[in-house]
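We'll start where two chains meet, then move on to one chain by itself.

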Amino acid sequence: MSLLEIENLELAIGDTPILRDIDLTLETGEVMGLVGESGSGKSMTALTVMRLLPHAARASGRVIFDGIDILAAPEDAMNSLRGDDIGMVFQEPMTALNPVKTIGEQVAEGIRWHTGANRADAEARARAILDRVGLPEKQFPLTRYPHELSGGQRQRVVIAIACALKPKLLIADEPTTALDVVLQAQILELLRDLVREDRMGLLLISHDLAVVTDMADRVTIMRHGEVMEAGETARTLSEQKHPYTRQLAAASVHVPERRVQAETEAEPLLQVTDVVKDYSIRRASLFGPPRHFRAVDGVSFSLAKGQSKALVGRSGCGKSTLARMILALDRPTEGSILFDGTELTGKTETELKPSRRNMQVVFQDPYGSFNPRHKVERLVAEPLHLIDPQPTSAERRERVAQALVDVGMSPADMDKYPHEFSGGQRQRLSIARAVITRPRLIVADEPVSALDVSIRAQILDLFADLNQRLGVAYLFITHDLTVARAITDHVLVMHEGRIVEEGETDQVFDHPQSNAARALVDAAPDLERAISRRLANA
Amino acid sequence: MSVETAPSEKEQEHWLRLALNNRSFLTGLVITALIAAMALISFVWTPYDVTDLVVANRMKTMSSEHLFGTDHFGRDIFSMIMVGARNSIAVAIVAVGVGMGIGVPLGCWAAARGGFIDETLMRFNDLIFAFPALLSAVMITAIFGPGAINAIIAIGIFNVPVFARVARAGALALWPREYVLAARAAGKGKALITLEHILPNIASMLLVQGTIQFALGILAEAGLSYLGLGAQPPMPSWGRMLFDAQTRMMVAPHLAIFPGLAIVITVLGLNLLGDGLRDVLDPRLRRER
């Protein structure tokens with residue numbers, strides 16, 4: 001008998017069908033990858049197994065876990081299953097932990113509840129499992145609070161909670177999506193080891209085919225609440241029998257067509273010289289000396305007209321800070337930033353106006369980058385504020401319409417609100433906002449990392465296309481090397497505030513010289529490599 | 001899987017219906033509307049003239065002639081409560097207006113500028129906060145003399161730091177948002193961004209705080225009038241009516257009961273309205289319910 005058997009599962013919330021005819025089996029000690037794009041129902045499937053569905057949800061079909069009929073089990077029985085025989089790891093380590101309880105309490109809580117152990121025993125077990133997930137007590141005593149840990153360490157605590165009682169089944173819902181590639185590789189490694197040691201079944205939910213290929217023995221591909229294809233990972237993904245599997249695989253390795261860059265011109269568009277940014281942090285004591293954290297440490301580089309350059313690095317390496325200084329949203333502590341021959345540092349807003357017209361920004365979060373209360377026309381037209389003389393309202397509408405057409409949307413979308421659009425469409429809108437003044441530089445801060453792979457492919461195409469048509473230069477900030485490789489010619493590798501390596505994108509990624517670059521390259525999931533590794537091992 | 005965080009079309013369209021389904025909002029709205037209507041009607045009509053002293057009718061209990069009875073001068077208590085509502089509401093509205101008018105710009109300014117200006121403004125705020133509001137209001141009216149205008153100023157001043165704090169906290173949470181960064185990248189100044197992006201997004205917070213301060217304003221006005229520092233006779237006010245009633249409480253309890261009830265019901269109504277508004281306007285609370 002399998003550990004988990006899902007047969008013919010149907011789920012509806014209110015009148016909206018969410019899942020249709022889901023079949024899935026998972027053996028003891030097996031890793032099953034559940035892949036799909038947003039809204040495909042993969043998280044709902046996991047929540048059904050935990051029976052943590054929203055109130056209005058109704059499920060039918062058969063879900064058998066370890067001989068127990070989950071859908072019919074009383075709530076008490078489910079409570080003793082959850083956290084004991086089934087553990088769960090969530091995506092967002094920031095919100096999965098209670099900020100007012102110490103990590104020791106949070107790990108011990110489940111142990112005490114399920115085993116009835118006394119406080120001392122539970123704490124001893126908590127200590128052991130925290131040690132196992134890489135948080136030894138010497139450096140990370142049980143009395144630490146979640147805010148004292150980094151994102152990766154928090155995710156380790158979440159894993160410790162889930163695995164404390166050696167569950168038979170571990171469900172991990174996008175466990176590494178909020179982490180950078182190096183941390184992702186570490187967390188995946190930890191999960192793999194834990195699963196092997198304790199012979200757990202692992203249901204790994206992810207939108208990233210490469211991650212799943214690396215981890216899973218078998219894979220189930222979902223779309224619109226239905227299973228598209230299921231089977232052994234390596235075979236399914238190398239044969240790609242189902243058209244949707246093929247589409248998904250193609251999208252995740254998609255490289256937009258681009259002309260090779262013309263040789264760099266003599267005069268650079270952007271010249272960054274010895275830029276330093278210090279943030280002051282709380283003094284050690286009231287009369288102690290002021291303390292600083294150096295986020296960016298003596299960075300210099302230049303960007304030619306029409307060039308597309310990537311800035312890669314782990315989270316917290318200072319790449320976003322650097323971007324904000326280039327956009328003159330933040331003042332550097334030292335150094336100079338020359339944009340098109342004009343110094344940007346130390347200028348007032350009025351003096352910056354002509355430069356601002358020529359550089360725009362695209363952010364990561366397609367949901368957060370628009371004021372929800374304004375219509376598209378007003379949102380996209382925002383940078384027109386920089387144009388002198390101010391365009392008339394007819395001209396404004398015309399320019400907004402043109403910008404919308406530029407990014408592949410319809411001028412009729414002008415009168416809608418941002419919430420009427422999907423994530424990919426919103427990202428198009430924020431690109432429309434960026435190109436409306438016909439800037440010469442666009443700084444894009446992780447512009448595709450919040451998007452599904454197929455949408456990501458389309459947005460990358462759009463970036464490439466705008467680069468060709470409008471000759472706009474890009475500074476692409478990303479931790480995703482696939483994206484950097486797809487869209488840029490040159491790359492800067494940043495580590496702890498410094499640029500540690502720089503060169504042609506392919507050159508750097510194929511033959512990384514610095515440790516930081518090598519760590520990034522080694523940790524980056526790569527679908528093709530993962531498949532061939534799987535096939536070789538089989 | 002990314003979760004849709006923005007309000008869906010449905011949610012935005014039906015906030016009004018949501019509001020009408022919210023029991024505390026509805027109750028609060030009805031009570032507040034009734035009190036407001038009473039105050040407005042008193043301008044054109046009251047059952048009796050409140051300046052009519054008919055000593056022969058003094059301290060009558062409730063009857064069909066005098067709904068809430070009469071006071072020690074023979075004035076009709078129902079009429080006095082109607083006119084007193086006018087006074088209470090006017091004082092509270094202007095006091096909240098003063099608090100918002102000064103506090104919100106200050107808070108927004110502090111959030112937009114940050115650093116030294118923020119620190120100075122907020123510490124000054126703390127200074128005002130540190131004084132017990134009612135005591136200081138007593139002090140102000142003691143210096144400048146009693147009267148409705150001075151009561152308004154005194155209550156208004158202590159509303160300023162409340163609104164400044166709420167506005168600053170709301171604005172601080174919005175400044176690092178990406179749409180604000182995008183607006184800055186579009187070259188918009190801090191004042192313009194505050195006007196276009198910050199204020200509309202903190203308006204609901206301020207509205208909720210406004211209803212709560214309004215209720216507190218009514219209480220404070222009643223307190224000041226009780227001490228004889230608010231509206232001066234012959235203008236009736238709820239606080240003054242309570243003061244006049246207290247020595248006669250054993251003989252004619254209705255003298256104290258009705259103005260007291262008026263204050264309690266008004267404050268309750270406004271608090272319910274504020275709670276309801278918060279539930280309706282704050283999408284985060286709404287989702288948690």
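**Where the chains touch**

In this predicted model, chain B puts 22 residues in contact with 31 residues of chain A.

Chain B's side of the contact
- Two elements of chain B, α8 (178-185) and α9 (190-226), are the ones that give two or more residues to the side touching chain A.
- Sorted by class, that side of chain B has ten nonpolar residues, seven polar ones and five charged ones.

The sheet in chain A
- Chain A has an open sheet built from four strands, and reading across it you get β2-β1-β4-β5.
- The strands in this sheet pair up antiparallel.
- At the edges sit β2 (16-26) and β5 (68-69) of chain A, each with pairing on one side only.
- If you'd like a spot to look at on β2(A), find A:Leu24: the residue standing opposite is A:Ile6.

How chain A splits into domains
- Chain A comes in two domains, with domain 1 covering 89-164.
- Domain 2 of chain A is made of two pieces of the sequence, 308-320 and 348-535.
- Going by C-alpha atoms, the centres of domain 1 and domain 2 of chain A are 38 Å apart.

Key. Residues are numbered from 1 along each chain as its sequence is written. Chains are lettered from A and ligands numbered from 1 in the order in which they are written. This is a predicted model: local features need pLDDT of at least 70, side-chain atom pairs count only at pLDDT 80 or more; totals for chains, interfaces and linings use all residues. Domain bounds come from an automatic or database domain assignment. Two strands pair if DSSP finds at least two bridges between them. Two residues are in contact if their C-beta atoms, placed from the backbone, lie within 7 Å. Ala, Val, Leu, Ile, Met, Phe, Trp, Tyr, Cys and Pro count as nonpolar, Asp, Glu, Lys and Arg as charged, and the others, Gly among them, as polar.
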